[in-house]
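Student: I would like to understand how the labels used for this structure are reached, and to see each value set against its cut-off.

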Number of protein chains: 2
Amino acid sequence: MEKSTNIIDCTIRDGGLVNNWDFSVEFVQDLYEGLSAAGVEYMEIGYKNSARLLNATEPNPWRFLDDHFLKEIIPEKKFTKLSALVDIGRVDPNDVLPREESVLDMIRVACYIREVDKGLELVQMFHDLGYETSLNIMALSSVPEHQLIEAFDMVKKSPVDVVYIVDSFGSLDPKDIEHQVNKFKDMLPNKQLGIHTHNNMQLAFANTLTAMRNGVTFLDSSVYGMGRAAGNCNTELLVSYIQKASYEMKPVLGVIEKHMLEMREKWEWGYIIPYMISGVLNEHPRVAMAYRASDERDNFVDFYEKVTSPESTIAPASK
Amino acid sequence: MEKSTNIIDCTIRDGGLVNNWDFSVEFVQDLYEGLSAAGVEYMEIGYKNSARLLNATEPNPWRFLDDHFLKEIIPEKKFTKLSALVDIGRVDPNDVLPREESVLDMIRVACYIREVDKGLELVQMFHDLGYETSLNIMALSSVPEHQLIEAFDMVKKSPVDVVYIVDSFGSLDPKDIEHQVNKFKDMLPNKQLGIHTHNNMQLAFANTLTAMRNGVTFLDSSVYGMGRAAGNCNTELLVSYIQKASYEMKPVLGVIEKHMLEMREKWEWGYIIPYMISGVLNEHPRVAMAYRASDERDNFVDFYEKVTSPESTIAPASK
């Protein structure tokens, strides 16, 4: 089973949610070189959303990926394929070239369960343009079973290559993951499965291993865990632990040593108490992220009281 | 099953391996209060080794626990029981009072597999003095099966209450833990089992949950993970995640907020690349700890090359 494993490194895409994609070209190039040398199969180099649709006034090359720019900074593809993520309603189909004219190999579509129909329309379009595709259903821990069944009836008929189990809130444990994977396998026997975890409860790596051992073949991760709030499963753990001859830990260590320690000084992600609390409570991390950006950032007891109080004013209105 | 769970917080004992037990009395008292309010069943308040046998010249109250001192700083026992760890050949039986004259409730004996006979002699003595006892077999990941079988023949006949699975090197994953627990259960049907994990690969919490779900009832942990090298399973994760009415997260958050952030600035433990590497390689962390204390501390590629080189001069001669 482990022979067919694919790692998708999301450092730029999910890590960009930490630092507003403030990555240097040198870092992205070093990361691409390092991942290729490490045998990592895919690198998600950002979002391919539309600056116009998001009313963005500042340039943000890793959030609004542009093929001409990408060709400049990665003039020669190495081992690692490139992927981009898009959000429903934020991607302009006119921005997407046919695959043979693009450096991208895969386009992944993130959606909530209620938008699966829209997500699959995008998938169909990217598939017809020649891309590998995935559908990443977010906030899975809050999806009622019947909604999942309805959604899967549509997914089954779609050409989508990979369907992802996304633990957006970092609230699932290995037992939950095993249950979800088995449900997905039963309902989608003709699809490959993917897993995207968050590390709120220090379970991202364990959850990813559990998914892999139950047949999931696409594993998302980030170097040094860099991703929103508590971050993701660590790429260096996957390449060092998974028994696949092509994986090498050393090039990933080189990226960490050269870049990530300094970045971690500047920006914050990882096991941090308010994120742990939001994971345990199965809540979106946005409230905890706002708290960490305030002067009260280390008042953990106060934070816990606020988010668990029935009269909470800082708890999110909806997930 | 989860009703009979016992958490043993090892912050002082295992955390002392990080800071040479440089804990203030105020911290230890706050920790005891916090753990009692959180419903944590045991606090391991240090080692009960002999300063004389270790030729120690400096006082070190949490390493060489003394009953008179303990009674002074914890004049009134609350919910949480107290335990101490001893090492083979380092404990002087004359230092140990009968339980009814001591504030300690449990004495745990750490040993390597080759010393199980000596460990069980100590267990018998502490048992006869009225203490709860455990035998903690270290470095389990390197123990051949036949040695374990021989050792267990002795353990079965001993009055020891709890037998621990100790992942000293942080090299085991949940599948390994399940295998070990099932082996221990088969061979020691009349004993309660315990688990002590290290977090080198971010698997300490997942491994502890796996052990619990397979019937292990004594779970070691530390507040904010404070323990040697990569540290231990986090107490705050256990009390927030395990469904047991008496567990409360808030008092543990209070201890973290008041003490642990500052302590983590001063002393180092947790997910740190050289410790991750020693976990993956199933090595004692001492080489990585020496490296972290040197000027080369962040040269991860160099460290990896040194410890994996066949001519390595810094790899440990033995485990």
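Tutor: Let us begin with a single side chain, A:Glu296, which at 31% relative accessibility counts as partly exposed. As for the conventions, this is a predicted model, in which local features need pLDDT of at least 70 and side-chain atom pairs count only at pLDDT 80 or more, while totals for chains, interfaces and linings use all residues. Residues are numbered from 1 along each chain as its sequence is written, chains are lettered from A and ligands numbered from 1 in the order in which they are written, and side-chain values use heavy atoms, with hydrogens and water left out.

Student: Why is A:Glu296 called partly exposed?

Tutor: Buried means under 20% relative accessible area and exposed over 50%, with partly exposed in between (1.4 Å probe, protein chains only), so A:Glu296 at 31% falls in the middle class. A:Lys306 is also partly exposed, with a value of 30%.

Student: What makes A:Lys306 and A:Glu296 a salt bridge?

Tutor: A salt bridge needs a side-chain nitrogen of Lys or Arg within 4 Å of a carboxyl oxygen of Asp or Glu, and the closest N and O atoms of A:Lys306 and A:Glu296 are 3.5 Å apart, so the pair qualifies. Because A:Lys306 lies in helix H12 (residues 300-308) of chain A and A:Glu296 in the loop between helix H11 (286-292) and H12, the bridge ties together parts 10 residues apart in sequence.

Student: How do you know that B:Arg213 and A:Asp173 form a salt bridge, and where do the two residues lie?

Tutor: Their N to O distance is 2.7 Å, which meets the same cut-off. The pair crosses between chains, from B:Arg213 in helix H7 of chain B to A:Asp173 in the loop between strand E6 (162-166) and helix H6 (174-187) of chain A; helices (H or I, at least four residues) and strands (E, at least two) are DSSP runs numbered from the N terminus. B:Arg213 is partly exposed at 26%, whereas A:Asp173, at 2%, is buried. B:Asp173 likewise forms a salt bridge with A:Arg213, with closest N and O atoms 2.7 Å apart, and the count between chain B and chain A is four.

Student: Which residues of the two chains are in contact, in numbers, and how much area do they bury?

Tutor: In contact (heavy atoms within 4.5 Å) are 36 residues of chain B with 36 residues of chain A. The buried area, which is the accessible area (1.4 Å probe) that two parts lose on being put together, summed over both, is about 3400 Å², and carbon and sulfur atoms give 67% of this area. B:Gln202, B:Lys250 and B:Glu257 supply 16% of the area that chain B buries against chain A, more than any other three residues.

Student: Why is the pair of A:Phe205 and A:Tyr241 called edge-to-face?

Tutor: Rings of Phe, Tyr and Trp (its six-membered ring) pair if their centres lie within 6.5 Å, and planes under 30 degrees apart count as stacked, over 60 as edge-to-face and the rest as tilted. The centres of A:Phe205 and A:Tyr241 are 5.7 Å apart and their planes stand at 85°, so the pair is edge-to-face. A:Phe205 is buried at 0%, and A:Tyr241 is buried at 16%.

Student: What makes B:Trp62 and B:Phe69 a tilted pair?

Tutor: Their centres are 5.4 Å apart, and the 55° between their planes lies between the two angle limits, so the pair counts as tilted. B:Trp62 is buried at 1%, while B:Phe69 is partly exposed at 23%.
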